[in-house]
Amino acid sequence: MPDQRELRLPDGVRLHVEVSGPADAEATVILLHGWTLDGRAWHRQRADLLDRFGDRVRVVSYDARGHGRSSCMALRTATLAQLGDDLAAVVDEVAPTGPVVLVGHSMGGMTVMEYAHRHPADFAARTAGLVFVSTTAEGHTHTAYGLSPRIARLIRVAETTGAGVLARCGSWRPPRPLLRALAPSIRWMLFGDHCSGSDIRLVTSAVARASLRSIGGFRASIGAQHRLDTLAALAHLPAAALVGDRDRLTPPPCAESIAAVLPATELTVCPGAGHMLMMERPDEVNAALAGVLDRVLTAVPAGRASARRPADAPGHRTAAA
């Protein structure tokens, strides 16, 4: 079982953090979940990393402010910029030394970009690899929900208006009966052709733990972020980007633009998959993460890491359905 701890941030917010693996591991992997989710979304990746690499890695996940078992926050701090600052604090606390691999899904990937943008010196000193899962560096530029542009615009207006209302509801959480009724909509929005009942239940449970302030408050910041210029400065890092071709929130052009500014990135497009790739396509996500981590561990100074075969050369591939 992971070690569970609480990290108190300067503004009083308490983050729920889970750590597996030794403090002197050769590298630390930090898993960042998406909007309205929590750290449990990565359970398959945590298990695979520990099974594949053993004590060579330390695996960290945490619930973002206002999500999961972390405490709620002031509305003014419901921004991606603040999440970038929070990630800097997590790195300092749980991985004060050694290389770090940052793995972000959706809002988690955008958090990684904010960390790089707001803390460039710390980021450069600590970050050795990147994995972007179903995320974007261009806000809502490519988000059309898989619908016609006209209908997408109407949904955007309704969503933005609703987010403003929810943001003022503080630490209240969505009623579970309502979420059970919305399960078909959640399944349509977040998953592709196939998904398991257990994954739907996990996602619904996570949304039920998110405060209404976080559900509504982060919406504007997520839609407005543009960080391709920030990513362009990170082209030297081992990296991977994955996307489902049925992703209605961050469709393939989002990942393609990330790969375009990070030319060494391995881009994987998963046929039939939606937004929840770590659940829908765990094998592909695990393989991409292992490939980046292999390259990071190979670069660890002699005496700390045994020789390992380098990952395959970067490029573009389409995952098997």
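How many bridges join strand β2 to strand β4, and do they run parallel or antiparallel? In this predicted model, β2 and β4 (residues 57-62) are joined by 4 bridges and run antiparallel, with Val 19 standing opposite Val 60 in β4. Strand β2 itself, which spans residues 14-20, is mostly covered, since 6 of its 7 residues are buried.

Strand β2 also pairs with strand β1 (residues 3-8), to which 6 bridges join it in an antiparallel arrangement, and here Glu 6 stands opposite His 16 in β2. The two strands β1 and β2 form a hairpin with 5 residues between them, and in that turn Gly 12 has a positive phi of about 95°.

Turning to the helices, the axes of α2 (residues 80-94) and α3 (residues 107-118) come within 7 Å and cross at roughly 80°, an angle that falls between 65 and 115 degrees, so α2 is roughly perpendicular to α3. In this contact, residues of α2 including Leu 83, Leu 87 and Val 91 meet residues of α3, among them Met 107, Met 110 and Tyr 115; by class, the contact divides into 10 nonpolar, 2 polar and 3 charged residues.

Helix α6 passes α7 in a right-handed crossing. Residues of α6 including Leu 179, Ile 186 and Leu 190 meet residues of α7, among them Ile 200, Val 203 and Val 207, and the contact has 7 nonpolar, 2 polar and 2 charged residues.

Conventions
Residues numbered from 1 in each chain as written. Predicted model: local features only at pLDDT ≥ 70, side-chain atom pairs only at ≥ 80, totals over all residues. Heavy atoms only, no water. Left-handed = near helix turned anticlockwise from the far one by under 90°. Contact = heavy atoms within 4.5 Å. Nonpolar A, V, L, I, M, F, W, Y, C, P; charged D, E, K, R; others polar. Axes fitted to C-alpha atoms, helices over the stretch in contact; angles between N-to-C directions. Parallel < 35°, antiparallel > 145°, perpendicular 65-115°, else oblique. Buried < 20%, exposed > 50% of the residue type's maximum accessible area, 1.4 Å probe, protein only. Pairing = 2+ DSSP bridges.
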